[in-house]
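Subject: A structure for you to look at

Hi,

Here is the structure I promised to pass on. Please open it alongside this note, and have a look around before you read my comments.

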Amino acid sequence: MLSNIIQLVVVLIVFVLILVATYFTTKWVGKSGAIQSHAKNISVIETFRIATNKYIQIVKIGTGYYAIGISKDDVSFLTELSEDQLDLSGADNSAGTLSFKEVIGRLKKDKNNN
């Protein structure tokens with residue numbers, strides 16, 4: 001009986017240690033940018049979903065702005081855009097720079113408003 005309790009406690013301790021190691025590893029990978037590449041000349045300005053697996057994106061490549069259509073199997077060039085055609089007031093506050101806590105807070109706020 002005592003042996004079983006000791007085994008259970010040891011298994012629980014190992015499980016908690018694995019969870020802690022996973023948490024810190026995930027935080028480290030997220031901060032190091034190992035998953036996301038940091039492009040200096042390409043950025044997504046805005047994404048709009050038009051149907052399931054179909055999006056329109058405004059991207060900035062170099063100094064030019066372009067509208068592209070994205071589907072499951074294809075990316076299509078739509079048109080080149082001039083800067084005066086765009087409202088870039090919120091472009092610097094994209095979802096990619098928000099913390100997870102901020103995103104969840106916005107989702108909760110939107111849900112409460114509906």
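Below is what I found in it, going from the overall layout to the details.

A word on the basis: this is a predicted model, in which local features need pLDDT of at least 70 and side-chain atom pairs count only at pLDDT 80 or more, while totals for chains, interfaces and linings use all residues. Residues are numbered from 1 along each chain as its sequence is written, and side-chain values use heavy atoms, leaving out hydrogens and water.

The protein chain has 2 helices and 4 strands, arranged along the sequence as α-β-β-β-β-α. These are DSSP runs numbered from the N terminus (helices: H or I, at least four residues; strands: E, at least two). Of the 114 residues, 12% are buried; that term means under 20% relative accessible area, with exposed being over 50% and partly exposed in between (1.4 Å probe, protein chains only). Among contacts (heavy atoms within 4.5 Å) between residues at least 6 apart in sequence, 4% join residues at least 24 apart.

Now the strands. Strand β1 (residues 42–51) pairs with strand β2 (residues 54–61) in the antiparallel sense over 8 bridges, where pairing requires that DSSP finds at least two bridges between the strands. The two form a hairpin with 2 residues between them, and Asn-53 in the turn has a positive phi of about 60 degrees. β2 is also antiparallel to β3, over 7 bridges. That hairpin too has 2 residues between its strands, with Gly-62 in the turn at a positive phi of about 65 degrees. Val-59 in β2 is a handy landmark: Val-44 stands opposite Val-59, and the bridge partner of Val-59 in β3 is Tyr-66.

Which residues make up the largest nonpolar core? The 6 are Ile-45, Ile-58, Tyr-65, Ala-67, Leu-81 and Leu-86. Such a core is a set of buried Ala, Val, Leu, Ile, Met, Phe, Trp, Tyr and Cys residues joined through side-chain atoms within 4.5 Å. Not counting residues up to four places away in sequence, Leu-81 touches Ile-58, Tyr-65, Tyr-66, Ala-67 and Leu-86.

On to the aromatic rings. Rings of Phe, Tyr and Trp (its six-membered ring) pair if their centres lie within 6.5 Å, and planes under 30 degrees apart count as stacked, over 60 as edge-to-face and the rest as tilted. By this rule there are 2 aromatic pairs. Tyr-23 and Phe-24 are edge-to-face because their planes stand at 75 degrees, with ring centres 5.2 Å apart. Tyr-23 is partly exposed at 47% relative accessibility, while Phe-24 is exposed at 53%. The other pair, Tyr-66 and Phe-77, is tilted, at 6.1 Å centre to centre and 55 degrees between the planes. Tyr-66 lies in strand β3 (residues 64–70) and Phe-77 in strand β4 (residues 75–81), so this pair ties together parts that are 11 residues apart in sequence. Tyr-66 is partly exposed, with a relative accessible area of 22%, and Phe-77 is exposed, at 57%.

Happy to look through any of this together.

Best wishes
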